[in-house]
Amino acid sequence: MPTLTLREQPNVPLEAESLSPDVMAGLGLDAIRALPVYLGKRQRRVDEFFEVAGTTGDALEIRGDARKVKWIGRGMTGGRIRVTGNAGMHLGAGMKGGAIEVSGDVGDWLGAEMSGGRIRVGGNAGGQVGAACRGSLVGMSGGTILIGGTAGLEVGMRMKRGIIVVGGRARDFAGLEMLGGTILLGSGAELRTGAWISRGTIISLQPIPLLPTFSYACTYNPTFLRLYARHLSTLGVSLPHDERDGAYQRYTGDAAVPGRGEILVWKPRDS
Amino acid sequence: MLRITGGTVHDPANGVLGVVQDVCIADGRIVPKVEGGRSIDATGMVVFPGGVDVHTHVAGAAMNFARGITPENYRRAIRFIQTPDRRAGLGGITPTTFATGYMYAGMGWTTVNEAAVPILSARHTHEEMHDIPILDKSSLVLMANNEIVLDLLEAGEVERARQVVAWLIWAAKAYGVKAVNPGGIVAWKSGKNAGALSEPVEGYRKVTPGRIISGLAGIIDDLKLPHPLHLHCNNLGIPGNVGTTLETMKVLEGRRAHLAHLQFHAYGGDGWGTLRSEATALAEAFNARTNLTADAGAILFGDAMTVTADGPWEHVLHQLSGRKWSNVDVENETGCGIVPYTYKERSLVNAVQWAVGLELLLLIDDPWRIFLTTDHPNGGGFWRYPELIRLLRDADYRRECLKRLPPKALERMVLPDLDRQYSVSEIAIITSAGPARALGLSRKGHLGVGADADLALYEEKPAAGRMFEYPRYVIKAGEIVVEEGEIRAVTQGREFIARPAFDEQIEAYLRPLFEKVYTMSFDNYAVELERLAQPDIHPCRP
């Protein structure tokens with residue numbers, strides 16, 4: 001596995017879409033060292049910023065505080081990337097397959113418009129996780145994003161399919177204009193969750209403020225959540241679904257669209 | 001100096017239909033013979049006059065607005081990376097200025113006519129056209145909703161209207177006049193539209209769309225402009241609009257006119273559910289009226305960008321498609337609407353539209369009067385013209401494509417019954433010789449001695465449709481600009497402008513009107529001739 005260790009922090013963000021198993025597969029270390037990265041409008045080489053070591057293979061490890069390194073794993077279709085440290089904006093944007101794991105924090109646009117694969121972030125994520133890029137009609141259309149910490153604005157904006165799990169609190173506009181798919185908010189979210197949602201499911205395990213355009217439907221334990229819980233447990237995420245523990249309050253909306261999305265808010269039995 | 005030897009020359013304007021002969025070039029023009037210089041062995045290639053696009057939208061405020069509201073299109077567009085002699089740019093459905101030049105030239109087209117310029121944004125348009133390399137350009141100004149002109153028609157002051165029109169053309173440094181939805185955009189400013197040709201336009205008592213059309217067409221003929229009235233008829237895109245188009249043709253009797261993007265004006269039915277092709281009826285009427293030319297405005301399935309001065313139509317399209325929408329008011333002159341749109345094979349309406357464009361090209365007998373366009377970017381990007389050529393050249397391929405359409409759509413078109421296939425020379429007519437003649441560009445669209453040395457060389461291929469996918473060589477003003485699909489030289493094209501005669505005294509009439517109604521001062525309104533890098537003035541002598 002090639003190991004890239006960041007030597008120095010670039011003075012402006014480094015655009016590094018070549019840091020992807022698709023690009024590096026079959027390349028020797030010297031070829032990897034010579035891959036292009038862009039510092040502003042200047043083309044540079046990977047080894048001007050990274051120490052390249054290890055062996056070749058379809059897995060890649062990046063070490064260091066790469067918070068200014070953008071577009072890592074862009075559009076990757078397979079293989080693995082492990083970031084020991086932080087990663088910058090657009091990590092895994094447009095990815096179609098494979099896996100990315102980050103021990104630290106990541107910037108905005110994590111997995112934007114991805115269609116497959118899995119991203120797991122140990123720390124916090126920025127805004128627009130799995131979102132549609134500005135102007136696009138459709139965001140994430142498949143795959144899984146798991147965030148241990150908090151997330152920024154517009155999580156899952158215009159997402160159509162796939163699952164986003166945020167362990168910590170999400171900021172405003174989670175699920176903005178969502179078209180489908182599932183967002184699981186482990187610690188709730190700030191304001192305007194599900195604004196302009198057409199379809200899709202937002203699950204919150206904590207009480208959250210709701211827009212007036214969402215209306216209460218019922219309190220129940222949806223059957224499909226058992227299936228989801230079983231799937232998520234294989235990824236290390238636990239989702240309550242047993243009626244002995246509590247039930248979900250279902251809200252439908254957003255009536256301003258008008259949409260047929262849902263927000264499920266978990267209510268433990270004892271409270 | 002350059003000599004092209006051994007190629008099969010198609011120069012229909014001079015009656016040369018596929019003859020192997022040499023073409024000699026010196027000082028940017030075609031000459032009888034040259035001594036020395038470079039020579040290109042064109043054996044096995046066809047030699048065409050460079051393509052001329054009679055109706056396209058490549059520069060100006062509306063295009064810039066369209067680019068601005070669709071950042072998503074550029075993320076998947078072709079990129080032109082900066083090189084020492086080539087500027088950076090992005091392709092896609094609304095390419096940036098530099099990319100527009102590279103892409104047109106890369107396809108073998110060397111002259112384009114920007115078909116819709118509000119006079120208020122003429123300066124901006126000229127600046128952008130300056131940044132479109134290689135190509136020669138001309139532009140048409142929007143006039144059919146200009147309230148100063150309409151007020152004069154209302155008052156019956158035709159002579160003064162003629163002076164104003166001439167002054168406005170020269171002020172905009174334009175080449176001709178475009179009329180878009182006559183009266184409809186004026187009405188749109190009150191939330192209405194103009195559909196019937198004989199009903200007064202909202203806000204007027206006497207002026208009707210029919211009166212605007214005949215008035216402008218007459219003025220343009222009287223001014224001896226090289227290109228006749230370029231007309232976007234009323235009721236574009238609306239089911240059943242063929243009636244309006246046929247009536248418009250009657251109104252134009254005795255006048256020259258060019259009907260733009262005819263495909264969008266050839267529908268029958270009384271609603272979206274009953275939309276059908278009326279290409280047969282329209283083509284029949286058109287065939288009988290030799291005072292008219294038209295361009296196809298064909299659509300191709302996939303992404304497009306609808307940009308038009310026809311504001312009310314764009315509002316309809318926004319409501320139908322749910323896509324994003326911009327509406328722009330251009331003071332007293334016109335309006336503008338923009339909606340990105342995707343034509344889908346499985347859509348009944350889109351399938352019929354696709355067929356209508358091809359039907360018109362196949363049913364109109366005289367290739368000198370119908371030209372190849374997609375109304376770029378409205379029906380599809382100009383860089384998709386080779387796809388359209390393939391559809392015209394290959395009836396079997398057309399039938400293959402028809403199989404993918406909804407069966408119900410096939411009952412509403414005549415395309416499955418049409419067997420006509422365009423010959424190579426006919427392609428040269430609809431892409432170059434015809435549009436050049438319609439535009440009155442005497443040195444374009446042919447390879448006779450004295451013509452501009454704009455040529456495209458395509459490799460002859462056995463498959464009828466695929467020959468025009470990309471040229472082996474493109475020569476612009478005698479310079480090889482494209483070779484083997486690569487841009488070799490980036491040259492600066494010329495801008496054709498017309499100078500109709502007018503009495504300078506007309507400024508005394510216009511100045512107080514401007515001070516009253518325009519946000520811009522009269523002295524800043526006209527584009528100075530010095531603004532144009534290489535103007536080529538057509539004097540319009542009576």
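In chain A, strand β2 (residues 14-15) runs parallel to β7(A), to which it is joined by 2 bridges; two strands are taken to pair if DSSP finds at least two bridges between them, and strands (E, at least two residues) and helices (H or I, at least four residues) are DSSP runs, numbered from the N terminus. The structure is a predicted model, in which local features need pLDDT of at least 70 and side-chain atom pairs count only at pLDDT 80 or more, whereas totals for chains, interfaces and linings use all residues. Residues are numbered from 1 along each chain as its sequence is written, chains are lettered from A and ligands numbered from 1 in the order in which they are written, and side-chain values use heavy atoms, with hydrogens and water left out.

Strands of a sheet pair through backbone hydrogen bonds, either parallel or antiparallel.

When residues up to four places away in sequence are not counted, A:D47 touches A:R7 and A:R33, contact meaning heavy atoms within 4.5 Å.

Chain B holds an open sheet of 7 strands with mixed pairing, in the order β3-β2-β7-β23-β24-β25-β26. Strands β3 (16-20) and β26 (486-487) of chain B stand at the edges with a single partner strand each, so one side of each is left without a neighbour in the sheet. Strand β2 (residues 8-11) and strand β7 (residues 45-49) of chain B pair in the parallel sense over 2 bridges, and B:T8 is placed opposite B:V46 in β7(B).

Over all chains, the structure holds 49 salt bridges, each defined as a side-chain nitrogen of Lys or Arg within 4 Å of a carboxyl oxygen of Asp or Glu. One of them joins A:E177 to A:R158, with the closest N and O atoms 3.2 Å apart. This pair links distant parts of the chain, 19 residues apart, with A:E177 in the loop between β12 (161-166) and β13 (182-185) and A:R158 in the loop between β11 (141-147) and β12 of chain A. A:E177 is partly exposed, with a relative accessible area of 23%, whereas A:R158 is buried at 19%; buried here means under 20% relative accessible area, exposed over 50%, and partly exposed in between (1.4 Å probe, protein chains only).

In chain B, B:K324 forms a salt bridge with B:E72, the closest N and O atoms being 3.1 Å apart. B:K324 lies in the loop between α11 (311-321) and β20 (326-330) and B:E72 in helix α2 (residues 71-75) of chain B, so the pair ties together parts that are 252 residues apart in sequence. B:K324 is partly exposed, at 26% relative accessible area, while B:E72 counts as buried, at 8%. A further salt bridge (2.2 Å, N to O) brings together the side chains of B:E159 and B:R162, which are 3 residues apart in helix α6 (residues 158-172) of chain B and thus separated by about one helical turn.

Between the chains, 7 residues of chain A are in contact with 6 residues of chain B. About 460 Å² is buried between chain A and chain B, 46% of it on carbon and sulfur atoms, where buried area is the accessible area (1.4 Å probe) that two parts lose on being put together, summed over both. A:R134, A:G135 and A:L137 supply 58% of the area that chain A buries against chain B, more than any other three residues. Across this interface the rule finds 0 salt bridges, although 3 residue pairs are in polar contact (both at pLDDT 80 or more).

Conventions:
Polar contact = N/O pair within 3.5 Å; in protein donor to acceptor, adjacent residues only side chain to side chain.
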